[in-house]
Amino acid sequence: MIKLSLVVLAAGMGSRYGGLKQLDGVGPNGQTIMDYSVHDAIQAGFDQIIFVIRRDFEAEFKEKILSKYNSKIECVTVFQEMNSCTQGIGQEIIDNREKPWGTAHATLVSKEVVNGPFAVINADDFYGKDAFVQIKKFLAQDCKEDEFGMVAYELDKTLSENGTVNRGICSIDKGYLSGIVEGLKISKSNGAYKHETPNTELNLNSKTLVSMNFFGFHPSVNTYMQKEFVDFANENSSNPKSEYFIPLVLDNMMKKGLAKVRVIPTSEEWIGVTYQEDKPEVMERLNALTERGVYEEQF
């Protein structure tokens, strides 16, 4: 049976945050941000949750996360490791890695358990109910081998009060993505939104649509990603910190005419813990959603 899957990228540490923020309780009943995403995915009608994690916190993850969901939805755990999906890459390159290979590689390691259209999210980002409803509808009705989807957020609903952020700034043509630029060190000052590029500083509109790593894919993308990942790793053998990101995959596929990416705007507010100082505000905002009846206090 074809299943609609949600792939949750939960292998990262969160270096700026300073700990395993994927497992940090921030909801009124101790829920993690990931709990909200899984809850919303179940309500939206997903069939399966695939968690991409590291082996070194498997036991803690199973105790705090999987134990809550095994009776509610099919859950699968896969591991992102340095030697995952690396056939065709020299062992010396693998041994010299200093950090995980990136979000596209993390997505790729789930290929053996994905058998239908699937969505990909970060474990430490709150995306909102509407985003899951819309991406599930896209996956069920419109996702094809050459047409993917991406949920896009308004810039001013994705910032942190405690420091700059990086966001994928989207260019859109007739409802489809025409490009993503990595906006670095985005901040708001005196009502203006600014970001840095390698060569200059640019102003942004508050309603500029940005990517928060919420994508919808046909499983055929894994065939392309596997081949390109091997090429990427070999070409970047002298840079052990280089990362294979999902926007890079999409950009290359669009340029080659292999896929289109439908932009799915949402009015939801992103909530996340980029910095440790973000946690009190995140807790306050999630508590407010509970008080408004958007979420039950316990779920």
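Met34, Asp35, Val38 and Ile42 in helix H1 meet Phe61, Ile65, Lys68 and Tyr69 in helix H2, where contact means heavy atoms within 4.5 Å. By class, this contact has 6 nonpolar, no polar and 2 charged residues. Ala, Val, Leu, Ile, Met, Phe, Trp, Tyr, Cys and Pro count here as nonpolar, Asp, Glu, Lys and Arg as charged, and the others, Gly among them, as polar.

The model is predicted, and its local features need pLDDT of at least 70, side-chain atom pairs count only at pLDDT 80 or more, and totals for chains, interfaces and linings use all residues. Residues are numbered from 1 along each chain as its sequence is written, and side-chain values use heavy atoms, with hydrogens and water left out.

**Helix pairs**

Helices (H or I, at least four residues) and strands (E, at least two) are DSSP runs, numbered from the N terminus. Axes are lines fitted to C-alpha atoms, for helices over the stretch in contact, and angles run from 0 to 180 degrees between N-to-C directions. The axes of H1 (residues 33–44) and H2 (residues 58–69) come within 11 Å and cross at roughly 20°. That makes H1 roughly parallel to H2; angles under 35 degrees count as roughly parallel, over 145 as roughly antiparallel, 65 to 115 as roughly perpendicular and the rest as oblique. The crossing of H1 and H2 is right-handed, that is, the near helix is turned clockwise from the far one by less than a right angle.

For H6 (residues 221–235) and H7 (residues 246–255), the axes come within 11 Å and cross at roughly 105°. H6 and H7 are therefore roughly perpendicular to each other. In this pair, Val221, Tyr224, Met225, Glu228 and Phe232 of H6 meet Leu248, Val249, Asn252 and Met253 of H7. The contact of H6 with H7 has 7 nonpolar, 1 polar and 1 charged residues. Buried residues in H7 are Ile246, Val249, Leu250, Asn252, Met253 and Met254; buried means under 20% relative accessible area, exposed over 50%, and partly exposed in between (1.4 Å probe, protein chains only). Gly257, which follows H7, has a positive phi near 70°.

**Nonpolar cores**

A nonpolar core is a set of buried Ala, Val, Leu, Ile, Met, Phe, Trp, Tyr and Cys residues joined through side-chain atoms within 4.5 Å. The largest such core has 44 residues, of which Met34, Phe46, Phe51, Phe61 and Phe214 touch the most other members. Helix H5 (residues 129–141) supplies the largest share of this core, 5 residues.

Ser37 is found in helix H1. Leaving aside neighbours within four places in sequence, Ser37 is in contact with Leu6, Ile121, Asp125, Tyr127 and Phe132. Lys174 and Asn213 each have a positive phi without being glycine. Lys174 lies in the loop between strand E7 (165–173) and strand E8 (176–189), whereas Asn213 is in strand E11 (residues 209–217).

| Residue | Relative accessibility | Class |
|---|---|---|
| Ser37 | 2% | buried |
| Lys174 | 79% | exposed |
| Asn213 | 12% | buried |

Phi is about 55° for Lys174 and near 60° for Asn213.
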